[in-house]
Amino acid sequence: MKFITLINISMRFLRVWQRNLIVYRENWKISFIPPALEPFFYLLAFGVGLSALVGTVHYEGSEISYLVFIAPALIAINIMNNAFFENTYASFVRMYYQKTFDAMMATPLSLQEIITGEIVWGATKSVVATVIMLAVISLFGLIRYPSGLLIIPLSFIGGIAFGSIGMYFTAIVSNIELFNLPVFLFITPMFLFSGTFFPLETMPGWAQDIAFIMPLTHIVNLTRSLSLGIVDASLLPGLCYFVIACFIFFPLAIHKMHRRLIK
Amino acid sequence: MMNGTRKNAAEKLPENPIIDARNLRKTFGDLVAVDNVSFRVYPGECFGILGPNGAGKTSTIRMIYGFSPMTGGTLKVFGLDVTQNARRIKSRIGVCQQENALDPDLRVQQNLEVFAGYFNMPLKDAQKQAQQLLKFIALDHRKDARATELSGGMMRRLVLARALINRPELLILDEPTTGLDPQSRHLVWERLGELQANGLTILLTTHNMDEAARLCDRLIIMDHGRILVEGKPLDLVRQYTGRDVIEVAEPDQQLRSLVLSRNLQHEDLGHRLIIYVDEGNALFREISKDYCREGCIMRMASLEDVFLKLTGRDLRE
């Protein structure tokens, strides 16, 4: 089968995005709670508890407090989780159980627009979570500005990448239980071993190599740099990584969805 | 009542067809779901596709509303080739899919307004149209209910309203009343009748013969992906079964030989003998006098008789 083109995408994908926004607004107060509370819990547990043991961390040639070290990682993890879980479990429910995509496909919307709208929506959730977390973490004075503001557009790019990866899995799993596989083989290891809670350098070389392939590592590095006020060429490899990831997984997700839904 | 307008619509043929399907084919791997099907639907008509489960009805209409690509043949809707103009065609049709597929995350009126958004309708217009349609299907009192709180009949009506939100020129219904209670079914039929009287072209699939006989100007009966017959409901009944049907329970050998000797059209189901005749009064008197052991009835032939005769009585699963 030929590789599906992306040409069939118009701005109409925003209508799909808008549909999700309307649903989200119905219970936004509840949706806002996790990203607002999560940093409190983590900063409390790690800051008060673990910080006493760890003290400072050696990072990029300087000593920083453990809280300053993990705070950006919390944001990075949320960028990953919001987009990935939105475009796996939530998208799967809409596609498989609610037949929302089927109904949309009887309208002028194309499949490409439906999937694009879903992925952009997942990225939007990453952005919303990022803005809330930035606000909360900034109360502790753990983010440098103005460079910290760049984390917001970064969260969108990261959200597109993680959402596309999630949507790829949504297109290939036969039932919702199977999402446990990517979650436990991909998301959870990344959550723990991507330089999130301890520096990569403390791991053996082979583990560092694996971590270097993983997307979360790069978004943790980028978020951390921006939080520390570092805006220079050292950001470029990480950014390139995400742009490339988007260019691979976004068309791949649409291709696989096309194979799944167009019969 | 609306029969007048319907006749007129049917008599205006032929003009440019709304749907022009020629040698339509759809295969899924080795399975041939639709096998060289050709038919035309003209403006203002209600056209039915009948057939048992797996006959290819849904596959056929899914190609028409651009849901699934065709394997072969040519298909024009509004004179436009579906392979080239899917988006333009889809913006001019309304579809009621078999599964309700309402948006359970949205409220009743939101379901209509959000759907209107998929057609790029301006919000003001969408709201106005949504309110009118909710009145039309008698659901305006539930406009703020969650779609999931509705009964089956209400959901179906809402799906119908949703299919009309873009003011379509062609309405496609896949088994519109399957699983509905009689009240809801009749309301849907009434509304479809009104829509047709206003000039809307309707394409529907069904295996409810009453529905087909009541709504359709013309229909095709499909089985195994092919068209068995095409025609007006009454003509088909006349042509394939005659006017009257006599059913005899537990027929004896004498009756069987009588039927054979007179060369009567019949079906022998073992415990039941079904005889099709044009004028059944005399025969029925004779049968009830001499051959009726366990009960016998005479009734008008219906589309269901034609359907069973053509597609057989084997179960389809």
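This is a predicted model: local features need pLDDT of at least 70, side-chain atom pairs count only at pLDDT 80 or more; totals for chains, interfaces and linings use all residues.
**Entry 1. Confidence in chain A.** I looked up which elements of chain A score lowest and highest in mean pLDDT. Over chain A as a whole, pLDDT averages 91, and 97% of its residues score at least 70.

Entry 2. For the complex, the predictor gives an ipTM of 0.88 and a pTM of 0.89.

**Entry 3. Helices α2 and α3 of chain A.** I turned to the packing of helices in chain A. Two packed helices are described by the angle between their axes and the distance between the axes. Helix α2 of chain A covers residues 28-54, and helix α3 of chain A covers residues 66-97. Their axes lie 10 Å apart, at an angle of about 150 degrees. I noted the crossing of α2(A) and α3(A) as right-handed. On the α2(A) side, the residues that meet α3(A) include A:Pro35, A:Tyr42, A:Phe46 and A:Val54. Among those on the α3(A) side are A:Tyr66, A:Ile70, A:Leu74 and A:Asn78. By class, this contact of α2(A) with α3(A) has twelve nonpolar, three polar and one charged residues.

**Entry 4. Helices α3 and α6 of chain A.** I next examined α3(A) against α6(A). The axes of these two helices are 8 Å apart, and the angle is about 40 degrees. The crossing of α3(A) and α6(A) is right-handed. From α3(A), the contact includes A:Ile75, A:Phe84, A:Glu86, A:Phe92 and A:Met95. From α6(A), the residues include A:Ile151, A:Gly158, A:Gly159, A:Phe162 and A:Thr170. By class, I recorded twelve nonpolar, ten polar and one charged residues for the contact of α3(A) with α6(A).

**Entry 5. A cis peptide bond.** Where in chain A does A:Pro146 lie? I located A:Pro146 in the loop between α5 (111-138) and α6 (151-172) of chain A. The peptide bond that joins A:Tyr145 and A:Pro146 is cis, with omega about 10 degrees. I noted this bond as a departure, because most peptide bonds are trans.

**Entry 6. The contact between the chains.** How many residues of chain A are in contact with chain B? I found 19 residues of chain A in contact with 22 residues of chain B. On the chain A side, the elements giving two or more residues are α1 (13-26) and α4 (100-105). By class, that side has nine nonpolar, four polar and six charged residues.

**Entry 7. The outline of chain B.** Chain B contains twelve helices and 14 strands. Its C-alpha trace spans about 75 × 45 × 40 Å along the principal axes. Of its 317 residues, 43% count as buried. Among contacts in chain B with a separation of 6 or more, 72% join residues 24 or more positions apart. The domain assignment gives domain 1 (3-235) and domain 2 (243-300) of chain B. I noted a distance of 40 Å between the centres of domain 1 and domain 2 of chain B, taken over C-alpha atoms.

**Entry 8. Positive phi in chain B.** B:Glu175 has a phi near 50 degrees and lies in the loop between β7 (170-174) and α7 (182-197) of chain B. Is B:Glu175 buried or partly exposed? B:Glu175 counts as partly exposed, because it has 19 C-beta neighbours inside 10 Å, whereas a buried residue needs 20 or more. B:His224 also has a positive phi, of about 50 degrees. I placed B:His224 in the loop between β9 (218-223) and β10 (226-231) of chain B. B:His224 has 15 C-beta neighbours inside 10 Å and so counts as partly exposed.

**Entry 9. B:Lys124.** B:Lys124 is exposed, because 8 other C-beta atoms lie within 10 Å and the limit for exposed is 12 or fewer. B:Glu113 is eleven residues from B:Lys124 along the chain, and their C-alpha atoms are separated by 9.5 Å.

How values were computed
Residues are numbered from 1 along each chain as its sequence is written. Chains are lettered from A and ligands numbered from 1 in the order in which they are written. Two residues are in contact if their C-beta atoms, placed from the backbone, lie within 7 Å. Helices (H or I, at least four residues) and strands (E, at least two) are DSSP runs, numbered from the N terminus. Ala, Val, Leu, Ile, Met, Phe, Trp, Tyr, Cys and Pro count as nonpolar, Asp, Glu, Lys and Arg as charged, and the others, Gly among them, as polar. Axes are lines fitted to C-alpha atoms, for helices over the stretch in contact, and angles run from 0 to 180 degrees between N-to-C directions. A crossing is left-handed if the near helix is turned anticlockwise from the far one by less than a right angle, and right-handed if clockwise. Domain bounds come from an automatic or database domain assignment. pLDDT is the predictor's confidence in each residue, from 0 to 100.
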